[in-house]
Amino acid sequence: MRNLSQTQDETLPGDTPRSLKNWRIDDFSLLAGSAVAAISTTWVIYTALTPATGKTGFFLISYITFLLLYVMTCTLELGKQNAFDNMWTVLTWSAALLLLAPLITILLYVIIKGFAGLNLDFFTKDLSATGTLDSGGGASAAIVGTLQQVFIAVCISVPLGLLTAVYLNEVKGRFRRPVRMFVDAMSGIPSIVAGLFIYAVWIIALGNVFSGLAAALALSILMLPTITRTAEEVLRLVPDGMREGALALGATRWQTTYRVVMPTAASGLITAIVLGVARAVGETAPLIMTSFGSTAMNANPLNGAQDSLPLFVYRLIANPFPAQQQRAWTGALVLVMIVLVLFTIARILGARASGKRR
Amino acid sequence: MLSTFYRNAINSSLRNVKLMDTGEGRTFDRTDDPVQDQPRALKRSLSKEDRVYEAAAVAGGLSTLVILAFIGFFLFARSSLVFSEVGWGFFTSLSWRPDASPPEFGIVAILYWTVIISIIALAIAMPLSVLTALFLVEYSPRSLRGPLRALVDLLAAIPSLIYGLWGLFFLQPHLVGIARWLSDHASFVPLFRVNEPTFTGSAFVVSVVLALMILPIVTSIVREVLEQTPPGEKEAALALGSTRSGMVRSVMLPFARGGIIGGSMLGLGRALGETIAVAIILSPSLIISPRILETGTNSIASLIALKFGEADELSLSALMAAGLTLFILTLTVNFIASFVVARSRSGAGVDA
Amino acid sequence: MSTVLSETREFQVEPASGTLIADAVSCWFGERKVLDRVSLEMRPLTVTALIGPSGCGKSTFLRSLNRMHELVPSARFAGRVLLDGEDIYDSSVRATTTRRRVGMVFQKPNPFPSMSIRDNILSGRKLSGMTTPNPDEVVELALTRAGLWKEVRDRLESAGGALSGGQQQRLCIARSLAVDPEVLLMDEPCSALDPTSTMKIEETIKEISDHVTVVIVTHNMQQAQRVSQQCAFFLAAENQPGYIVEVGETRKMFSNPDDPRTEDYVNGRFG
């Protein structure tokens with residue numbers, strides 16, 4: 001028999017959940033009302049009262065008026081405390097939308113401007129045979145250059161970055177804290193400084209020429225901190241129990257790291273690499289003084305100036321002729337697409353990595 | 001063969017064990033126990049494989065320090081030429097004229113503008129970042145949070161070059177309209193006055209684009225920090241009858257203060273070093289003025305990028321010196337930032 | 001012993017200030033039901049103890065009394081909770097107003113560490129939008145009622161986080177009292193504290209029940225006997241929602257309960 005103080009009455013006030021929504025129709029009308037009032041007020045100001053100009057000005061003033069009106073009406077209806085609360089909600093939503101707007105416009109703008117120049121020639125021909133007014137020719141030299149330089153940069157920075165991450169998290173050496181601090185500091189190195197450094201060392205001091213290799217060296221300096229930090233985070237997520245289990249079975253520390261920890265963290269580590277590559281692909285500044293850029297195809301990254309996609313875009317956009325500018329925009333579109341693809345891959349891998357661990 | 005010492009020690013402890021077996025109770029007086037309990041030195045004897053492995057890892061770890069040191073060293077070495085020519089004048093002169101005789105190189109105006117555009121960018125980005133981070137942590141519908149985080153990270157992944165192009169061709173015309181309106185109607189603020197009505201390539205336009213570029217970095221850090229707010233304190237505020245924004249203001253934001261400051265400084269460091277986006281948009285000027293809406297600004301990074309092509313040996317050395325200055329500046333800002341985040345109450349668990 | 005609710009769910013008694021009545025309260029987390037139609041009258045200016053083994057939904061029930069339950073994203077609720085005759089879940093009532101009238105002290109003391117002791121006490125009033133024309137008096141009164149005034153009167157400006165665990169908990173009690181609630185809910189307030197602090201807090205509970213209705217969840221049966229006048233015994237079968245087995249005067253519940261399950265629990269045969 002159940003409790004004595006409750007009736008088993010089926011007409012008890014409901015055993016179905018109630019709606020506890022805080023958002024009521026009044027709140028919505030306050031919001032909508034203020035918005036409409038703001039826009040109309042601004043319209044009046046703009047057309048009749050002051051000679052203000054520009055669409056952006058219109059939006060700005062409407063927004064500010066909206067905010068003021070909304071806070072005022074909320075205070076009158078709901079009291080100061082709740083008005084404030086609603087204002088914060090509006091502000092945070094506005095900030096988020098403000099962030100979203102540029103992202104969308106950037107992607108759309110690049111797609112719109114670059115789409116027209118997308119054709120097979122763009123990917124297969126270089127610019128050595130094209131005059132300044134011609135529209136033939138393409139970015140094959142730049143694309144080859146980017147692929148080669150990034151590949152070499154990966155070969156240099158990935159082992160180094162993984163070793164550093166291992167040092168920080170597995171070996172846990174004595175200099176852990178300073179090294180971590182320095183890795184953080186290194187991620188703040190301006191890309192131009194990395195370029196200057198390689199120029200000073202590789203080209204001046206060691207007397208080499210501009211080359212894709214020099215560019216790759218500069219890129220690896222920039223990729224290194226990203227790979228190291230992401231890899232370290234990923235390694236940290238591997239449960240200690242696994243390491244202890246391997247050691248208890250008699251494995252050496254190397255075997256533990258190589259055969260147990262790293263395979264477990266594999267997708268996370270690949271994410272780290274992909275993020276590093278995404279960073280390197282878009283870098284322009286260090287290339288100016290290391291690979292220098294060119295119009296002709298140079299498939300040898302070890303010798304001679306080599307073009308790459310960012311340099312291609314940078315160089316051509318300054319050119320006054322529309323054909324050249326069109327190429328620049330198409331190059332920019334290709335660059336953005338590459339970054340988007342890499343980014344998506346990194347996220348899918350990252351999601352799988354954390355999903356596996358559950 | 002065991003020495004006498006060890007034998008005695010083992011025997012006495014075995015004696016204790018035996019007594020326990022027979023069920024007799026015994027109290028232990030620690031002062032008459034003959035066995036010494038000094039900690040033993042535990043030596044790690046690693047296999048050859050492990051010794052190589054650890055050496056390699058140490059080398060990897062130290063490589064970062066080495067690289068940074070080398071960068072500083074080589075930049076300094078290469079700047080010696082210009083320092084021998086103009087001496088301390090490099091840090092006091094306003095002009096940059098390689099063709100004058102004697103050639104003049106001064107970083108003051110450039111440094112001034114570098115700092116100005118970075119500070120304005122931070123001033124725009126910081127409140128927006130905090131609000132966006134709050135949105136991501138508290139105000140957004142839960143189902144949207146993952147995708148929104150992804151969008152913020154995507155903003156961070158877009159190359160600087162693209163920001164520069166978009167800023168120059170798409171955004172600048174809109175900003176020019178605002179700048180014109182401000183200089184026409186708000187010129188009581190000295191910052192908004194202009195001497196000539198040209199608004200393109202101004203510090204204002206550059207700063208807005210820079211603000212957008214550092215927004216994702218600062219937002220990510222502030223978001224991580226806000227997520228660490230102790231739930232007990234948040235509950236306490238709500239249980240007292242606080243609204244959500246009251247709880248945010250009294251619990252979450254004070255808690256996140258260290259992360260907000262540290263994140264902002266990291267954003268500042270990024271803005272200081274930003275090269276290509278600035279180079280594409282700005283209209284270089286060496287005049288120090290408070291007129292941010294007017295055309296004409298500069299930054300060390302863009303100076304190096306733009307002047308590299310035509311630089312002779314002395315100019316190159318001057319660019320190296322400029323690069324060294326920038327290097328030290330950004331390194332310092334980043335160090336302080338990491339320090340502030342790590343030390344703060346909120347930063348203990350954050351990877352800045 | 002029985003609740004005030006009649007068959008037709010009307011009230012026969014005029015509810016005094018600080019009367020909290022739960023009427024067929026059910027709680028869910030997503031699809032999982034954790035409380036099944038619990039009804040309970042918590043009489044004004046008395047201490048009601050909610051006892052029972054862990055996992056029976058006592059804390060969930062407590063949190064539904066001041067609308068903290070709905071802060072969990074998947075939380076769902078059915079029934080009514082009447083504060084002085086008014087349903088706090090009605091759409092015309094703001095949750096923030098309810099939480100000011102029904103305060104809560106948590107298991108783990110949570111003073112605001114970045115504020116001084118004085119600011120901690122006043123924070124509740126500030127956060128709930130109350131004006132405080134006489135802050136010093138409010139601080140002194142709240143701390144005196146919580147039994148902390150003598151210990152901290154000389155260091156009101158020092159940080160709230162620098163006190164001992166027991167002192168922090170009394171600070172939290174004072175902070176809740178400063179907003180003048182009608183009811184104070186306490187969710188195992190002593191379980192994280194040492195015995196001496198526990199004793200002090202139990203004294204505090206007895207004193208504040210002259211001014212506020214107290215509802216306390218406790219695992220400690222001796223504590224329930226020491227501080228409460230009325231007890232409700234919760235029970236839940238495995239993976240089943242919790243419900244009240246028996247409600248009554250504390251003395252009766254512990255010496256001569258009506259339900260055999262209650263008798264088993266208070267005599268320590270399970271729990």
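Reply: Happy to. In this predicted model, the centres of domain 1 of chain A and domain 2 of chain A, taken over C-alpha atoms, are separated by 42 Å. The domain assignment places domain 1 at residues 25-112 and domain 2 at residues 140-357 of chain A. The helix to look at is α6 of chain A, residues 176-186.

Let's start with one partner in chain B. Helix α6(A) packs against helix α2 of chain B, residues 48-86, with the two axes 9 Å apart and an angle of about 50 degrees between them. Which residues meet here? From α6(A) come Val179(A), Phe182(A), Val183(A), Ala185(A) and Met186(A). Facing them in α2(B) are Gly61(B), Thr64(B), Leu65(B) and Leu68(B). By class, the contact of α6(A) with α2(B) holds seven nonpolar residues, two polar ones and no charged ones.

Now turn to another partner in chain B. Helix α12 of chain B, residues 313-343, packs with α6(A) at an angle of about 130 degrees, and the axes are 9 Å apart. These two helices are therefore oblique to each other. The crossing of α6(A) and α12(B) is right-handed. On the α6(A) side, the contact is made by Met181(A), Asp184(A) and Ala185(A). On the α12(B) side, Leu331(B), Asn334(B), Phe335(B) and Ser338(B) take part. The contact of α6(A) with α12(B) is made up of four nonpolar, two polar and one charged residue.

The contact between chains A and B draws 73 residues from chain A and 72 residues from chain B. On the side of chain A that touches chain B, helix α3 of chain A, residues 80-115, supplies the largest share, with 20 residues. That side of chain A consists of 51 nonpolar, 16 polar and six charged residues.

Chain B also meets chain C: 22 residues of chain C are in contact with 16 residues of chain B. On the chain C side, the elements giving two or more residues are α2 (95-101), β6, α3 (117-127) and α6 of chain C. Of these, α2(C) gives the most, with four residues. The side of chain C that touches chain B has eight nonpolar, ten polar and four charged residues.

Chain C has an open sheet of six strands in the order β6-β7-β8-β3-β9-β10, with mixed pairing. Its edge strands are β6 (102-105) and β10 (243-249), each pairing on one side only. From one strand to the next, the twist averages 20 degrees. Helix α6 of chain C, residues 165-177, packs on this sheet and touches β6 and β7 of chain C, and its direction makes about 170 degrees with that of β6(C). Within the sheet, strands β7 (residues 183-187) and β8 (residues 213-217) of chain C run parallel and are joined by five bridges. One position to look for is Val183(C), which stands opposite Thr213(C) in β8(C).

Methods:
Residues numbered from 1 in each chain as written. Chains lettered and ligands numbered in written order. Predicted model: local features only at pLDDT ≥ 70, side-chain atom pairs only at ≥ 80, totals over all residues. Domains from an automatic or database assignment. Pairing = 2+ DSSP bridges. Axes fitted to C-alpha atoms, helices over the stretch in contact; angles between N-to-C directions. Contact = placed C-beta atoms within 7 Å. Nonpolar A, V, L, I, M, F, W, Y, C, P; charged D, E, K, R; others polar. Parallel < 35°, antiparallel > 145°, perpendicular 65-115°, else oblique. Left-handed = near helix turned anticlockwise from the far one by under 90°.
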